[in-house]
Amino acid sequence: MTTRPLRIVLPGGSGQVGRMLARYFQERGHHVTVLTRGPYTAPWQTVHWDGEQIGPWIETLEGADVCINLAGRSVNCRYHPENRWKIYASRIGTTRLLNRVIAGLDEPPRVWLNASTATIYRHALDRPMDEATGELGGHELISKRRRAPETWDFSIGVAKDWEAAFFETQTPRTRKVAMRSAIVFSPVPGGTFATFLNLVRIGLGGTEGNGRQFVSWIHETDFARAVEFLIDREDLDGPINIAAPHPLPNREFMETLRDVWGMPNGLPAPLPLLEIATFLLRTESELVLKSRRVVPRRLLEAGFEFQFSQWHEAVDDLIRQW
């Protein structure tokens with residue numbers, strides 16, 4: 001990446017991934033501004049926005065080098081009508097707002113990376129999904145007689161509309177990258193890694209469902225490095241998968257986590273029990289049961305090198321930091 005200090009703006013950057021990226025770029029001498037509904041104390045600049053209306057916050061984007069939009073309500077909830085609207089509007093609405101703003105700036109950012117999701121691909125047990133040959137999901141069969149649940153179709157529909165909103169406005173002076181990200185694992189309380197690790201620690205970290213569904217993942221260090229790589233590579237645009245190159249079945253995923261932690265066994269969670277547990281925890285079983293077998297073809301072909309390409313390597317490091 002260029003050694004010149006960059007002005008980097010992160011709309012919706014107050015969550016786990018946003019704070020990690022803000023810290024990563026701030027430590028490397030860049031000027032970071034996070035646009036947030038609730039400004040907080042941080043070693044980087046925070047500016048209020050509501051994600052809905054144009055306001056004084058647009059001044060942070062005028063003359064900025066990079067925009068990384070991470071705005072979006074968490075999907076870790078039940079998909080009832082109110083939550084569905086919040087999930088949808090917080091992604092599509094803010095992306096369209098930023099399109100209007102960036103298209104009208106005198107000096108717009110030269111690159112805009114917008115969050116997207118690996119969930120956009122179909123439930124895949126048979127083969128990996130890359131950007132060139134991957135099949136987008138929606139109403140697919142997940143067994144001989146069963147189609148994907150309606151909640152899965154909702155998530156895929158949001159992902160498709162999100163990317164459509166991102167690319168619908170022409171921004172000739174701003175390169176656009178849709179980051180189809182896998183789950184980002186960080187060694188921090190309250191994150192996804194903490195959820196899985198807590199299950200292991202109390203003896204519940206066994207196979208989830210039938211264990212054949214693939215888990216796509218990425219270590220936080222490689223996620224930040226991939227974002228940095230995409231900022232620097234002016235020849236890369238469009239949808240790009242940001243995931244470790246070796247997704248693995250849930251059974252192996254959980255077994256590796258138990259082995260590294262030192263827990264020999266873990267009670268499995270068969271489908272009926274998993275549905276009850278996710279209902280009680282006010283979340284959706286799709287987050288565990290859908291097979292996301294995503295590979296980062298474009299990153300690899302561009303020469304990006306992962307520090308943590310294998311799950312056991314990532315777990316070793318994450319647990320050491322934990």
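Mentor: A helix here is a DSSP run of H or I with at least four residues, a strand is a run of E with at least two, and both are numbered from the N terminus. The model is predicted, so to speak a calculated one: local features need pLDDT of at least 70, side-chain atom pairs count only at pLDDT 80 or more, and totals for chains, interfaces and linings use all residues. Residues are numbered from 1 along each chain as its sequence is written, and side-chain values use heavy atoms, with hydrogens and water left out.

Trainee: Thanks! In which helix does Leu-299 lie?

Mentor: Look at residues 297–301. That stretch, with Leu-299 in it, is helix 9.

Trainee: Is Leu-299 buried or exposed?

Mentor: Relative accessible area decides this: under 20% is buried, over 50% exposed, and in between partly exposed (1.4 Å probe, protein chains only). Leu-299 has a value of 0%, so it counts as buried.

Trainee: What is the separation of the C-alpha atoms of Leu-299 and Ala-226?

Mentor: Along the chain these two are 73 residues apart. The C-alpha atoms of Leu-299 and Ala-226 are separated by 7.9 Å.

Trainee: Ala-226 belongs to helix 5, I see. How many residues of helix 5 are buried?

Mentor: Ala-226 is one of them, and others include Phe-223, Phe-229 and Leu-230. Charged names turn up as well, including Glu-220, Asp-222 and Arg-225, as Asp, Glu, Lys and Arg count as charged, Ala, Val, Leu, Ile, Met, Phe, Trp, Tyr, Cys and Pro as nonpolar, and the others, Gly among them, as polar. Helix 5 has 13 residues, and the number buried is 11.

Trainee: At what angle do helix 1 and helix 5 pack?

Mentor: Helix 1 covers residues 16–27, helix 5 covers residues 220–232, and their axes are 10 Å apart. Axes are lines fitted to C-alpha atoms, over the stretch in contact for helices, and angles run from 0 to 180 degrees between N-to-C directions. For this pair the angle is about 65 degrees.

Trainee: How many charged residues are in the contact of helix 1 with helix 5?

Mentor: Helix 1 brings residues including Met-20, Leu-21, Arg-23 and Tyr-24, and among those they meet in helix 5 are Phe-223, Arg-225, Val-227 and Glu-228. The residues of this contact divide into nine nonpolar and no polar, while the charged ones number four.

Trainee: Which residue just after helix 1 takes a positive phi?

Mentor: Phi there is about 90 degrees. The residue is Gly-29.

Trainee: Which backbone oxygen does the side chain of Trp-49 reach?

Mentor: Trp-49 is in the loop between strand 3 and strand 4 and is buried, with a relative accessible area of 3%. Among the residues it touches beyond four places in sequence are Gly-12, Leu-35, Thr-36 and Trp-57. One of its polar contacts (N or O atoms within 3.5 Å, one able to donate a hydrogen and the other to accept it, with sequence-adjacent residues counted only if both atoms are side-chain atoms) has a distance of 3.3 Å, and the backbone oxygen is that of Leu-35.

Trainee: How far is the backbone oxygen of Trp-57 from a polar atom of the side chain of Thr-60?

Mentor: Thr-60 is in the loop between strand 3 (45–48) and strand 4 (66–69), and it is buried at 11% relative accessible area. Its contacts beyond four places in sequence include Val-9, Leu-35 and Val-47. The distance to the oxygen of Trp-57 is 2.7 Å.

Trainee: What is the relative accessible area of His-139?

Mentor: His-139 is in the loop between strand 5 (111–117) and helix 3 (150–167), and has a positive phi of about 60 degrees although it is not a glycine. It counts as exposed because its relative accessible area is 56%.

Methods: Contact means heavy atoms within 4.5 Å.
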